[in-house]
Every structure is written in C-alpha cells, then in structure tokens.
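Dear colleague,

Please find the structure below, together with its sequence. My notes on it follow, and I would be grateful if you could read them beside the model.

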Amino acid sequence: MTSTSIKTVGVIGTGVIGASWTALFLAKGLRVIVTDPAPGAESKLHEYLKKNCWAIPNKITTPDKYLQNLTFVEDIDPYLGELDLIQENGPERLDFKRRLFAHLDAKTPEHVLIASSSSGLPSSEFVTDCERSPSRILIGHPFNPPHLIPLVEIVPHPKTGDEHVTAACEFYRSLGKDPIVVKRETSGFIANRLQAAVCAEAYSLISRGIVSAEDLYKTMTSGLGLRWAFSGPIMTNLLGGGGDFGHFMDHLGPAMKSWLDNMHQHQFDMDSTTEKENLKEKVNQLVSHVNIEKTEKDRDIFLTGLISARSEI
Ligand SMILES: NC(=O)c1ccc[n+]([C@@H]2O[C@H](COP(=O)([O-])OP(=O)(O)OC[C@H]3O[C@@H](n4cnc5c(N)ncnc54)[C@H](O)[C@@H]3O)[C@@H](O)[C@H]2O)c1
C-alpha cells in the first residue's frame, strides 16, 4: 500500500484527538468515515470542524466542500470494506483497545492499515487477540492538535511488517506530517517520556516553592521552549558547546550530573496526595483565570505562525 492508494480513512472515536485527525484528513482531500457512540458526538464534531479547519496548512479544499467527504456512522462495520486506513482514537484503556482491535482485525480486509493514536500503550499489549493479520497494526501517535503539530510517532510491535511501517510513514508524510519511527516499544514512546521528565522536575520546583507556576511558564515559553522548537535539546547542546558536542559534555557534563543527583533527591512524588494537592493549589494561582477557548485559539495561531516560519528557513 502506498500513501497515494489511501483515499478513504476510518476514524474511530471523535474526542479531542479523533476530531482533529478528521479535520486534517478532510482538509487533505480524503474521504472520511467516522464513528463515536457518545451522545451528540456528530454535532460536536461538526462544530469542531467549523471552528478549526481554518488553521490547517496547505489545505486543498474549503471547509464547506470538504464536509461533503465526511460520513458519520453509528456502526462502522458495514463500511470496513471501503477503508484504506483506520485511525483509532478511543479511550486509552487496554481492555477497550484489546477488544476493539480483535474485532477490527477480524472484520477488516487484510490490506487495510490500522493505526492507533495511543499515547503510551504499546500495541503488542492490545494485538494479543488479533488472529488474522496483526502485522498491519501499529501505533501512529499524534500530538495535540494533530491537525497542526507535525510530529507522529510510528511505533510498530515486534510482529508489525516493515512494509506497513513504510506505508504509515509515507501516508503521514503525504499529509504534511513529520513521522519518526520508534525502533523498540517502550512505555510512553519518546516524546511523552521527554515530556514526563520535564514535567516531573517542573512539579518538583513549583511544589517546593523554588519558582512560581507563572515564572516556570515563562522559563519555557520565553526560553527553553523557543530554542527547542528550533534546535531540540541535542543541537542546542551542540550550539552551546561552540559546535562541539564532546566539548559541551566535558565542559557541562559534571555540573549536569550534580543537578541530576539533586533532582533525584527531590523527586516529586506522584503517589502522594499531599504533594499533589499542594501542587494543584500553586498551579491554580496561574490557571484559574485562563480562558481555555481563547488560549486554544491563540495556541493555534502561534503554532501556525511558528510552523510556517520554520518551513521558510
Ligand atoms: N488528548 C491528547 O492530548 C492525546 C494526544 C495524543 C494521543 N492521544 C490518544 O488518543 C486516544 C484518544 O484520546 P482523546 O484525548 O481524544 O480521548 P477523548 O476521551 O477525548 O475521546 C475518546 C472518544 O472515544 C469515544 N469512544 C468510546 N468508545 C468508543 C467506541 N466503541 N467506538 C468509537 N468511539 C468510542 C468516546 O465517546 C470519546 O469521544 C487515546 O488513545 C489517547 O491516548 C491523546
């Protein structure tokens, strides 16, 4: 299967992630058949599409037109034979995904690629009951919102076929995404592990009163995050080492080791109710006045500008 042979996509689950994938697929001219059993899911999806489709880079059609390519169905089973790829976005629960994937594998023609948006459950844990063709199943993990953020983590399980990994990369690339392949399953994959490391330290610094939630926000948005958006942590090290990564490691490595040792001594305890309540109180001072709808809109304007600036370099 090549990306050009993928013309009809099935979207399972139209919550936060499924709605955004649907917007992207439609904007890129694909036919999309979606399902979600939640009451009001269809009108909520239409509302979402109307609000968000403006932001998709390199749209090939207008929102009004591309809604003609959308079919919302109560039961996707009768349509499985029409699909070229399925993007699953149901709840992040092992029992749910295990049942769903066994069903999809049994009912869907073998050439159909099946990708799960799972944020951290490796697919080897939920293909266990797939008897027909589990080799076409993999993770295609997007980042919120998938219609804007280019990264998609492709995570095969040990029995996923290489040809399916290649097809998934080609497909996401054809939509303007920037896929990476995670070579071996690991919980949380790559980006969420990096994010967890940074968040754990942020939680520790805020809850110990070393920095306010507001100043931590500025540390990222006016400092680290800006640089990382351009050069990522390793290239940032390279530039900090005057173009020599080895020099950076020799020069700042010992200091970094002492910071890491200190961080290990002061780890935020995710199991402690007291620590979590203390953190929530401090974070609420920053977030209680945030208008979520406006912030999401501002985020999308910012991301669109940033992605466009990056593509011009
Ligand atoms: N929210 C994020 O930032 C994010 C980012 C990347 C990946 N993901 C992953 O994407 C997936 C979906 O997450 P979400 O945040 O969109 O969750 P969500 O709760 O917003 O959406 C899940 C949707 O699945 C629907 N659903 C439940 N049973 C279903 C069924 N049998 N068939 C079809 N739909 C069904 C629900 O009604 C709901 O609308 C999860 O695996 C999650 O780990 C989430």
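Helices (H or I, at least four residues) and strands (E, at least two) are DSSP runs, numbered from the N terminus. The model is a predicted one, in which local features need pLDDT of at least 70 and side-chain atom pairs count only at pLDDT 80 or more, while totals for chains, interfaces and linings use all residues. Residue numbers start from 1 along each chain as its sequence is written.

Phe 302 belongs to helix α10 (residues 292-311). A residue is called buried if 20 or more other C-beta atoms, placed from the backbone, lie within 10 Å of its own, exposed if 12 or fewer do, and partly exposed in between. Phe 302 counts as exposed because it has 12 C-beta neighbours inside 10 Å. From C-alpha to C-alpha, Phe 302 and Leu 239 are 25 Å apart in space, with a separation of 63 residues in sequence.

Helix α5 (residues 162-174) contains 13 residues. Its buried residues are His 164, Ala 167, Ala 168, Phe 171 and Tyr 172. Viewed down the axis of α5, they fall within an arc of 125 degrees (taken over the directions from the helix axis to the C-beta atoms), so they line one face of the helix. These buried residues pack against β4 (85-88), β5 (113-116), β6 (137-141), β7 (151-156) and β8 (178-181), where contact requires C-beta atoms, placed from the backbone, to lie within 7 Å. Asp 162 and Glu 163 are exposed on the face of α5 turned away from the buried side. After α5 comes Gly 176, with a positive phi near 90 degrees.

Two backbone features also deserve mention. Most residues other than glycine have a negative phi, and most peptide bonds are trans. Asn 144 and Pro 145 are joined by a cis peptide bond with omega about -5 degrees, and Pro 145 lies in the loop between β6 and β7. Phe 189, although not a glycine, has a positive phi of about 55 degrees. Phe 189 is located in the loop between β8 and α6 (191-207), and it counts as buried because it has 21 C-beta neighbours inside 10 Å.

Finally, the ligand is surrounded by 22 residues, the closest being Gly 13, Gly 15, Ile 17, Ala 38 and Ser 119; a residue is near it if its C-beta atom, placed from the backbone, lies within 6 Å. Helix α1 (residues 16-27) gives the most to this shell, with three residues.

Yours sincerely

Definitions and conventions:
Expected span 1.5 Å × (residues − 1). Contact = placed C-beta atoms within 7 Å.
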